[in-house]
Amino acid sequence: MSHKRHIAKAMKCRACHQGVEGEARASFPTLADCMDCHKTPQGQEPAEPEVRAFAARGQELAWVQLNRLPGHVYFSHAAHVTLDHMGCEECHRDMSAVNQALGEADVHLEMSECVACHRSEQASLDCLACHK
Amino acid sequence: MSRFGRRELLGGAALAGAAALGCRRSRDPYRIDKPPVPGGRGGRAGEERWVLSTCALCDAGCGIKVRVVEGRAVKIEGNPDHPVNLGGLCSRGQAALQALYHPDRVRSPLRRIGARGEGKWRPISWDEAIGELAGKLGKLRAAGHPERLVLIDGETGTFTHDLWARFLVAFGSPNHIGLESARAAGVELATLYTQGRYGLPACDLARGRLLLAMGTDLLESSGQAMRFLSWARLVRPHVVCVSPRRPGCRFDEWIPIAPGGYGALALSLAHVLVRDGLVDREFLRESVLGFSGWRDQAGVEQSGFETLIRAAYAPDQTQEGTGIAAATVERLAHALAKQRRVVVAASDGGATAASNGLATGLAIAALNALLGNLEGGGAAGAQVYAVPQWEAPTVDAIAAAGTAAPRIDGAGTAACPLGRSRVQAVPAAIAQSNPYPVEALFLHGTDPLTALPGRQEWVAALHQVPFLVRATSWLDESAWQADLVLPESLPLEALDVVTCAPPAGEWVVGLRQPVVTPLQDTRQMGDVIVALAAGLGGSVGRSLPWKSYSDAVATSLPAETLAEMREKGGRWNQPKTDVPGSIPYKFEICSQAIASRMAGTADAAHASQAWPCKGLPPWTPPRFSGDPLQFPLHLLPYRPVPFVENGIRFLPWLSELPLVSGDPWPVRAEINPADAARFGLADGDQVLVESPIGSCKAVAQLSDGVRVGVVAMALGRGAVVDLVVPDEDHWSGVLAWQGTRVRVSKVS
Amino acid sequence: MKRADDDARDSRRSLLAALAASAAGAITGCTRAMAAESAEPSNAPSGRRRNWGMVIDLDRCARCAGCVVACQQENNVPPLGPDVAARTRPIHWMDFLPPAPGSFAATPVPCMHCEDPPCVKVCPVGATYKSEEGITAQIWERCIGCRYCMVACPYGRRYFNWSEPRWPGGDPSSLNPDVAPRPRGVVEKCTLCHHRIRAVVERARVDEEPLTDEALRRLPACAQSCPVQAITFGDLADSESEVARLAASPRAMRLLPEAGTRPKVIYLRETK
């Protein structure tokens, strides 16, 4: 799965990570989402027919979530992306250069960084805004 | 804690530690947001959904919705659109998740390799298990003795239950033995004989304003409890609770009745209503048979209930039997008559669980009829069960001969002329090979060793049966004795169609949907039955021709009905129209069905001479086991708020509910302070409760919420059930849960 | 038999006044400082601050204890098991006060989320504080387990984790991912299901829909589960809300008013 190729086709992050605008979790695409485009071959990538093979077997893609929040932290993509108009790249890597699925977690935030931004943006500093 | 170290679980602690040591950017130790979970099959990262289903923790069939996060069920809530519970859910239904993820679940079929009860097993495959089962049962049929297979089936109201019935018809055994006699048969048979349909009475709660609750568990733990709770949301009913024990749930008035006195109270109330002309004359004239004089089917004039009730049961006469002052009965009767819109309801396990169970059930039903409660005002009609629309099974000559054999529990015979099922008679029948030897016993949905009294007899019986199969989710005590253990999927993993608790004027059918994929190598019972039938082949296989249980369900109801049920979690608001009544009247106080069933029995002569009304077994004072001098107290085994048949041991949240003060775990013997003083007991004392057949350690709890002369003990824990002498009502086979005397002594 | 903590609870009451007096104003946790800095307006109508509260109608409550299990499931509260339960009291954020002798009235008691919470004043590390919207919050990670707050609370609504949480069989599958489990050595308490509040508030903002009182009334897990809808939740600062309307009922009462804590969990007396 090459992020680069997908982005090169002018796809937005939200096309696959559909929860990013409306939900707390950005979420991963279902195989059905993939098949919206990949029903027919989309290029010469050797791995690409695998998607259709999965679909033929009725099997879901086993995405591995690498960016995991600490257990006591709540983070909402919807609140940051939709309500506060932040871009994905403000926390995540620039994926347009990544020619594969993410190999390791790319977000390494400290609470101090969260607080600094919340303070400068006059966002809530109530503990309960982010802790659970 | 074996598989998951504290780090994964307890991110918070790890964080504190990491911060203190100044470990920057070492986040891995505390990523516990979603623990890696074995049950996560079928779930996608970040996926969250709600699945509608039907609760299975009691017979009520509340609608539930289950939150599933990444394939794991994490929360159960009530379905707000469901007519039984309107979005609420009791503690039991919510605790079901603890059963689902319980560590002691059986993970695969097991074959016994040691001695019985030794607990040595070999895990086997399902194919092997079904093969063994089909082989053993096939031999029974080949030998021409299919009736020697006995099924004890603790489940009711599901299509799985109907599938079992169908299997047994095709196989050739009459022995489909349910637990009704140990549960609600006293009420359900009364509904059958007065209104022509077996089941709980359906209460028209929407218009009721007063509830006369007979037995505390009606409010606390019966299949009807949630119905009453939902009702209390819409109307604030006045609740009068009649029971030797004060309920733990809300009520407005508590009348501490003597054990076994419910029928006398109902008849006494009826007496006052008749005497003072407070009955619903029009309803009695139009729709009730047997209130005044009536002609039976032979055209003979018979005396009616009115004559009987006028002649006896005045409140001052029943005072001794009920322990209730005559003035209280007079006041209550007038309150019932004044309110009009009342519901008189008997609990499943309390009011009729005595040696006079059926007569008590009939007396309470008759009281509803006198008040005109059957149409509009209060209790109306009876529960209507959904029936799968399968074609008739194929029955060969062996099966026909087998099903024609008498049932081993004697229900419907001279031993129990008016009963439908009598599970407590099974151990003796096995021990005596009467009427024939039992070669194979299949236990499904109940563990008789923990759920039913008469433990020693049960243990001996289970040992005597050559082939014992236990379908269960846990290695419970009877599974421990089994030759073959079949791990059953839990309701949150399985598909089924369920008849829900009875609202009036409509029927509610719930759908149970698999919420998660089975966590272990378990199967739902329907699939086992279908596979077993296929393994047996022949006419049995042809009668159950489906590939799987979901296939069977798909053919059981019209496709659009099932589709609607999948979407809503069930189907309701269907007017109750075409249910054929077996009787021309809406209500028979004097039951023609009872009259005709009694005609051919050994008791026929007795009934025609000694019964004051034909078709109405007379109420008799309750019988108690145990010498009153040696055992001075009455035992009241009750079903507490979190009572789950066989289950509470597997649901620790329920065991820890804050319903008692202090440590919630020990077994308690609730006793009136007056009795405690008499026997030298103090609150918190360790005591031994002894009955003629058993004993149980407990902690004494002094409570003015228990009638003098009564010891109340919650069922579901400890050896409480072993105290109960399995006496029964002769007519109906109803188990006399409340018919045992005990003594309580301090353990030093 | 009294609960192990009952004695402590009784003695707490007398302690309370003294504690409240000495502690008032003495503690300024960083949380409070941060909260004061926050300038983001609450998204409540007309920009005023919400003040979450709850009304429990004892006349409706059937004491079925459905709320107790709902709370435990929602908030990842583990059962203790017989061994531990014999030595301490089981953790019930939503608990039942046992009936006094001779009466039946067991009372469901969550945290009172007091207007003037004594527990907040005694916390030496600012782990417990009053949130912007009136929740007496506790941040588990900050708690050092000193248990001053347990002594201060006149209602006994705080629980100490004497042991590691144990899920049946060690299988945490049914844990709610929205609530962090608490480790041994910290105090825990009712949060008014703030994670559920946060979710609906955010949902309303994202969808640009007004957040109606109706959507809030049964929001906490206990209120959602209640078969008789005896529990009503909402914004006490919104005079139009159901919870504010009920709180003004002549049947309204508060537990231990003499403690001066001004609870925001308000009871409606039983009618006779």
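I began with a term I need for the sheets: two strands pair if DSSP finds at least two bridges between them. With that in hand I looked up Val469(B), and its bridge partner in β19(B) is Leu484(B). The model is a predicted one, and I kept that in mind throughout.

**Entry: the open sheet of chain B**

I followed the strands around that bridge. Strand β18 (residues 467-472) of chain B and strand β19 (residues 484-487) of chain B are joined by four bridges and pair in the parallel sense. I then traced the whole sheet, which is open and has seven strands in the order β5-β4-β19-β18-β17-β6-β7 (chain B), with mixed pairing. At the edges I found β5 (121-123) and β7 (176-178) of chain B, each of which pairs on one side only. From one strand to the next, the twist averages 20°.

I also looked for a helix against this sheet. Helix α6 (residues 159-171) of chain B lies across β6 (149-153) and β7 of chain B, and α6 runs at about 170° to β6(B).

**Entry: the barrel of chain B**

Which strands of chain B close into a barrel, and in what order? I read off six strands in the order β24-β28-β25-β27-β26-β29 (chain B), again with mixed pairing. Neighbouring strands here are turned by 45° against each other on average, direction ignored.

I checked both partners of β25(B) next. β25(B) and β27(B) run parallel and are joined by four bridges, and the bridge partner of Arg668(B) in β27(B) is Val699(B). β25(B) and strand β28 (residues 710-714) of chain B run antiparallel, with two bridges. There, Ile671(B) stands opposite Val711(B) in β28(B).

I then moved along to the next pair. Strand β26 (residues 686-690) and strand β27 (residues 695-702), both of chain B, pair in the antiparallel sense over five bridges. Within β27(B), Ser695(B) is the residue opposite Glu690(B).

**Entry: nonpolar cores**

Val711(B) turned up again when I looked at the cores. The largest nonpolar core has 312 residues, and Ala213(B), Leu269(B), Ala270(B) and Val711(B) touch the most other members. I picked Leu269(B) and listed its contacts, leaving aside neighbours within four places in sequence: Val329(B), Leu332(B), Ala333(B), Leu336(B) and Leu367(B). There is a second, separate core of six residues, which includes Val20(A), Ala26(A), Ala78(A) and Val81(A).

**Entry: chain A and its side towards chain C**

Is His72(A) buried or exposed? His72(A) counts as buried because 21 C-beta neighbours lie inside 10 Å, and the cut-off for buried is 20 or more. I located His72(A) in the loop between α4 (49-57) and α5 (77-83) of chain A. I also took one distance: the C-alpha atoms of His72(A) and Cys37(A), 35 residues apart along the chain, are separated by 38 Å.

Next I turned to the contacts with chain C. I found 19 residues of chain A in contact with 24 residues of chain C. On the chain A side, α5 and α7 (127-130) are the elements that give two or more residues. α5(A) gives the most, with four residues. By class, this side has eight nonpolar, eight polar and three charged residues.

**Entry: chain C**

I counted 10 helices and 10 strands in chain C. Of its 272 residues, 54% count as buried. Among contacts in chain C between residues at least 6 apart in sequence, 66% join residues at least 24 apart.

**Entry: confidence**

I finished with the scores. The model has ipTM 0.88 and pTM 0.89. Chain B averages a pLDDT of 87, and 89% of the residues score at least 70. In chain C the mean pLDDT is 82, with 79% of the residues reaching 70 or more.

I flagged these stretches for myself:

- Residues 1-41 of chain B stay under 50 in pLDDT, and the model has 73 contacts beyond four places in sequence for them.
- Residues 576-584 of chain B also stay under 50, with 11 such contacts beyond four places in sequence.
- Residues 1-42 of chain C stay under 50 too, with 67 contacts beyond four places in sequence.

Conventions:
Residues numbered from 1 in each chain as written. Chains lettered and ligands numbered in written order. Predicted model: local features only at pLDDT ≥ 70, side-chain atom pairs only at ≥ 80, totals over all residues. Buried ≥ 20, exposed ≤ 12 C-beta atoms within 10 Å, placed from the backbone. Contact = placed C-beta atoms within 7 Å. Nonpolar A, V, L, I, M, F, W, Y, C, P; charged D, E, K, R; others polar. Axes fitted to C-alpha atoms, helices over the stretch in contact; angles between N-to-C directions. pLDDT = per-residue confidence, 0-100. Core = buried A, V, L, I, M, F, W, Y, C linked by C-beta atoms within 7 Å.
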